[in-house]
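Please view the sequence and the structure together before reading on.

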Amino acid sequence: MPVVEDPCEFILRETRVKPVPHAEEIRLHVADEAMALWQKTEEELGELGLPPPFWAFAWAGGQGLARYILDTPELVAGKTVLDFACGSGLVGIAAMKAGARACHAVDIDPFALEAARLNAELNGVELLRQAADITSDRLPDVDIVLCGDVFYDKPMADKILAFIDRLLAADITVLVGDPGRSYLPRERLVELADYSVKVVGALEDNEIKRTHIYRVRET
């Protein structure tokens, strides 16, 4: 069984600092060679059941959501924000740069939380980080929840939608950034904006994805 490396050392060694294509105000530690890192992570860490390196890329939904937040800072200014399934921390960083009072970045992958910490430092902001599946926990004490690229898998989508229903019942606003993933609950969404976003072609079906920003409404 392979030995898990120090997450910080692994991230710094396997990534490069680059501006986010659709939110150039923000820089991230991202994979220089997308498929090479994906393969390396599977080989070195896969036997331990760790997730793929979603944290190493600026995905389409997250980029669109970050852009929307930066362009409409009144959405988050002075508020407490949850960056759900935060990955690289891109959306939470955008919220903090837009004037959020605080941002809780949550992900099940400890490497993602370390990447989010490094990326937050790189951009001069702070994220409060938690490695956990919070979908069945007590609701977080936040004003708004931001979800980028979370509806790609049916079991996960079902679990997240049930969590979102609880958030909405508590009058917590939920925004989603998504380029049309398979299990997006379209009938529950109110579109706020859309963008053409440059992404990693090796990981998507195109190098440009049309990405939409939605507010989730109650049933």
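## The ends of helix α6

Just after α6, Asp 171 adopts a positive phi of about 65°. This value, like the others in this report, comes from a predicted model. At the start of α6, a side-chain oxygen of Asp 153 comes to within 3.0 Å of the backbone nitrogen of Met 156.

Between these ends, helix α6 covers residues 154-169, which is 16 residues. At 1.5 Å a residue, α6 should span 22 Å, and its end C-alpha atoms lie 23 Å apart, which agrees.

A residue is called buried when under 20% of its relative accessible area remains, and exposed when the value is over 50%. The buried residues of α6 are Ala 157, Ile 160, Phe 163, Ile 164, Leu 167 and Leu 168. Seen down the axis of α6, these buried residues fall within an arc of 140°, so they line one face of the helix.

The cover over the buried residues of α6 includes the strands β3 (80-84), β6 (144-148), β7 (173-178) and β9 (208-216). On the other side of α6, Pro 155 and Ala 169 are exposed.

## Helix α3

Helix α3 has 12 residues, numbered 60-71. From its first C-alpha to its last, α3 reaches 17 Å, close to the 16 Å expected at 1.5 Å a residue.

In α3, 11 of the 12 residues are buried, so this helix is largely enclosed by the rest of the structure. Among the buried residues of α3 are Gly 61, Gly 62 and Gly 64, as well as Gln 63, Arg 67 and Tyr 68.

Conventions: Residues are numbered from 1 along each chain as its sequence is written. This is a predicted model: local features need pLDDT of at least 70, side-chain atom pairs count only at pLDDT 80 or more; totals for chains, interfaces and linings use all residues. Side-chain values use heavy atoms; hydrogens and water are left out. Helices (H or I, at least four residues) and strands (E, at least two) are DSSP runs, numbered from the N terminus. The expected span of a helix is 1.5 Å times one less than its number of residues. Buried means under 20% relative accessible area, exposed over 50%, partly exposed in between (1.4 Å probe, protein chains only). The arc is that of the directions from the helix axis to the C-beta atoms. Contact means heavy atoms within 4.5 Å. A polar contact is a pair of N or O atoms within 3.5 Å; within protein, one must be able to donate a hydrogen and the other to accept it, and residues adjacent in sequence count only if both atoms are side-chain atoms.
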